[in-house]
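Visitor: Could you walk me through this one? I have not looked at it before.

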Amino acid sequence: MSTRPSPDDGLSPTELAAKYGLAVSGARPGLVDYVRQLWGRRHFILAFSQAKLTAQYSQAKLGQVWQVATPLLNTLVYYLIFGVIMKAGRGMSLDTYIPFLVTGVFVFTFTQSSVMAGVRAISGNLGLVRALHFPRASLPISFALQQLQQLLFSMIVLFVVAIGFGSYPSLSWVLIVPALVLQFFFNTGLALIVARLGAKTPDLAQLMPFIMRTWMYASGVMFSINHMLADRPEWVVRALQVNPGAIYMDLMRFALIKDYGASNLPPHVWAIALFWAVAVFVGGFVYFWKAEERYGRG
Amino acid sequence: MAEQNTGARIPTVIADELHIVYRVNGAKSGKGSATAALSRILKRGSDDAARGVRKVHAVRGVSFVAYRGEAIGLIGSNGSGKSTLLRAIAGLLPAERGKVYTDGQPSLLGVNAALMNDLTGERNVILGGLAMGMSREQIRERYQEIVDFSGINEKGDFITLPMRTYSSGMAARLRFSIAAAKDHDVLMIDEALATGDRKFQKRSEDRIRELRKEAGTVFLVSHNNKSIRDTCDRVLWLERGELRMDGPTQEVLKEYEKFTGK
C-alpha cells in the first residue's frame, strides 16, 4: 500500500465510500428501478428462453420435430385411458370430447410445466446466478416464456385436432389470444412465486409433481366438471370452475370447440380470468423481488 | 504503476470488515440416512446447527481499498476464500456482516454458466453477450472480434458447430473471448489465464492489460505466480478467509513463496 499521505487518510470506509459516491454492492434496487433493469434485459430473457427450447431436443435424431410430437403422444395416451377405457366423456359426443381433452391437456400442461420450470429457475441455475449480474426475475420469466413457445407448437396439433373433429375456424377463435395472454401472466406470476420458494427450499422440486397432478385432476382436464359433479352442491362445482387451472382451460375450449357453449362456463368468466392473471402476476413479481439480494446464497 | 496517479487516487472498491458465510444443507457429519434427515427437520429450533445446516465461514473480516488503475492479484492456498471474496465484491454473494462499496457494477469474468453446450458457438456468443448485459448492437459490432480472438475458426468453420463438439481448450478459449469482449468498470478474473495453449495465454494477458487500461480496476485470482507477477502491481494474500498480507507484488509473493515452501 502507498505510504504517502493522502487527503483521504483517516476517513472511515463508510465516509470514503460516501465521498466518492460508491454504492453498496449487491443491494436490492427499488421496484421501479428493478422493472427498468428487467426491461433492459428483455433481449436476454427472450434469447435465453429460445436457447433452452432449442437445446432441449438438439441431441435427438428427429430434432425439433419432438416439439410437436411430444404433445401429440401425450394426447394419445390420455385419449386411450380416459376416452376409450374409462369413457370419461359422458354428456359429450366424441367430436366434442376429443378436442375437449386435447385442449385441456395442452392448456394445463402450460401451467404445469411453467411451475415445474419455475421451481428450479433459481436453484437449478445457481452457477449463472453466482457468476453474472442481472435481475433474477429474468430466469423464471424466461422459463415461463419458453413454455409459452412450447405451447405455440402444441397449438398446431390442437388446431389440426379441432378441425379434424368438425370445429372449423370461426370468429370465436380470436378469443384464443386474450385467453393465452392472461394465462401466460398467471403462469409467470406462479413461476416467480415458486422460484423464490424453491430457491429457499429445493425440496419443493420433489413435491411439486404431486401437487400439480392433484390440481390437474381437480380442474377437469379429462372430464367436464358440470357433468361429473352434477349431483354435488352448486358451490363445489363453482369453486372448481373458478380455480385458475380450470378457468383458462374452459376459455380456450369455449373459443375453439363448436359445441362447447357458454353454459359450460361460470358467470363473469373473463373478469375472474383477468383477476387471477393480474393478482398472481403482480403479487408474484413483488414477492420475488423482495428476496432479490438473497438469491444465490449457499 | 499505481503510484502514477497518487494525489488523486480514486477508490473503486472498498471492503469493510467483510464476512461471508455459506450454509450447507444436510451436510452434518454423521448419518446421512433418511431417518436422520427427518429427525433433523423435526428437531425444532432456531439454531442452524440443530437442524443440520452447517456453516462455512469462508471470508472473515477482510478490509481493503482498491483504487482506479490498479491490478490486484489474489493469492492463497485452495479454499482460502479467494473466489468467494470476488463474488462478494461483485455483489453475487450476500455478506453476513460488513459491507462492500463499489463504483459502478463490478463484473466477474465468467459467462460459462450462461453458455449451453448444445448450441452452436455462434449462438453462444450472442447468448453470453446478452447475459453480460450487452445490447444486440454491441454484440453485432464485436462479433467478428470475439470469434477472431478465440481463434476458433483458425482450423475450419467451427463456430457454427455445437459447443459440445469442441475440444476443452477450444471451449475455454471461446468462453474467455466472450467474457473479455465487454468493457468493465471493475473486472474480476478467476483463474481464467490458465486456459488454452501458450499462444492464447499470451493473447489473454495482453487483453487483460488492455481491459485494465479501459477498466478502473482489475482483480485476478490465480495459482500461477508468474501470471500474477506479469499482470498485477498489488497482491492480497488470503489464508483461511483472513487477509494475511496486502502490498506490492514482489514483497507479498516473496513471503508467500516462503510460506508455501517453494
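Visitor: Before that, how should I read the labels and the model?

Guide: Residues are numbered from 1 along each chain as its sequence is written, while chains are lettered from A and ligands numbered from 1 in the order in which they are written. This is a predicted model, in which local features need pLDDT of at least 70 and side-chain atom pairs count only at pLDDT 80 or more, whereas totals for chains, interfaces and linings use all residues.

Visitor: OK, how many helices and strands does chain B have?

Guide: Chain B has eight helices and nine strands, where helices (H or I, at least four residues) and strands (E, at least two) are DSSP runs numbered from the N terminus.

Visitor: And what is the order of the strands in the open sheet?

Guide: The open sheet has six strands of chain B in the order β5-β6-β7-β3-β8-β9, with mixed pairing; two strands count as paired if DSSP finds at least two bridges between them. The edges are β5 and β9 of chain B, and because each has a single partner strand, one side of each is left without a neighbour in the sheet. On average, neighbouring strands of this sheet are turned by 20 degrees against each other, direction ignored.

Visitor: Which residues face each other across those strands, say in β6(B) and β7(B)?

Guide: β5(B) and β6(B) run parallel and are joined by three bridges, and there Leu109(B) has Ile189(B) of β6(B) as its bridge partner. β6(B) in turn is joined by five bridges to β7 (residues 217–221) of chain B, again running parallel, with Asp190(B) partnered by Val221(B) in β7(B). Val221(B) also stands opposite Leu74(B), in the parallel pairing of β3 (residues 71–75) of chain B with β7(B) over four bridges.

Visitor: Is β6(B) enclosed or open?

Guide: Strand β6 (residues 186–190) of chain B is largely enclosed by the rest of the structure, because four of its five residues are buried. Here a residue is buried if 20 or more other C-beta atoms lie within 10 Å of its own, exposed if 12 or fewer, and partly exposed in between, with C-beta atoms placed from the backbone. Over chain B, 45% of the 262 residues count as buried.

Visitor: Switching topic, how many residues of each chain are in the contact between A and B?

Guide: Chain B contributes 47 residues and chain A 35 residues, with two residues counted as in contact if their C-beta atoms, placed from the backbone, lie within 7 Å. On the chain B side, β1(B) gives the most, with six residues. By class, the chain B side divides into 26 nonpolar, 10 polar and 11 charged residues, where Ala, Val, Leu, Ile, Met, Phe, Trp, Tyr, Cys and Pro count as nonpolar, Asp, Glu, Lys and Arg as charged, and the others, Gly among them, as polar.

Visitor: Which strands pair between the two chains?

Guide: Strand β1 (residues 23–24) of chain A pairs with β4(B) in the antiparallel sense over two bridges, and Val24(A) stands opposite Tyr101(B) in β4(B).

Visitor: What about the largest nonpolar core, which residues touch the most other members?

Guide: Ala191(A), Ala195(A), Leu127(B) and Met188(B) do, in a core of 152 residues. Such a core is a set of buried Ala, Val, Leu, Ile, Met, Phe, Trp, Tyr and Cys residues joined through C-beta atoms within 7 Å. Helix α5 (residues 94–119) of chain A supplies the largest share of this core, 14 residues.

Visitor: How does α5(A) sit against α7(A), parallel or antiparallel?

Guide: The axes of α5(A) and helix α7 (residues 138–164) of chain A come within 9 Å and cross at roughly 170 degrees; the axes are lines fitted to C-alpha atoms, for helices over the stretch in contact, and angles run from 0 to 180 degrees between N-to-C directions. The two helices α5(A) and α7(A) are therefore roughly antiparallel, since angles under 35 degrees count as roughly parallel, over 145 as roughly antiparallel, 65 to 115 as roughly perpendicular and the rest as oblique. Their contact has 13 nonpolar, seven polar and no charged residues.

Visitor: Last one, where are Gly83(A) and Gly156(B)?

Guide: Gly83(A) is in helix α4 (residues 66–85) of chain A, and counts as partly exposed because it has 19 C-beta neighbours inside 10 Å. Gly156(B) is in the loop between α4 (136–150) and α5 (168–179) of chain B, and is exposed, with 8 other C-beta atoms within 10 Å.
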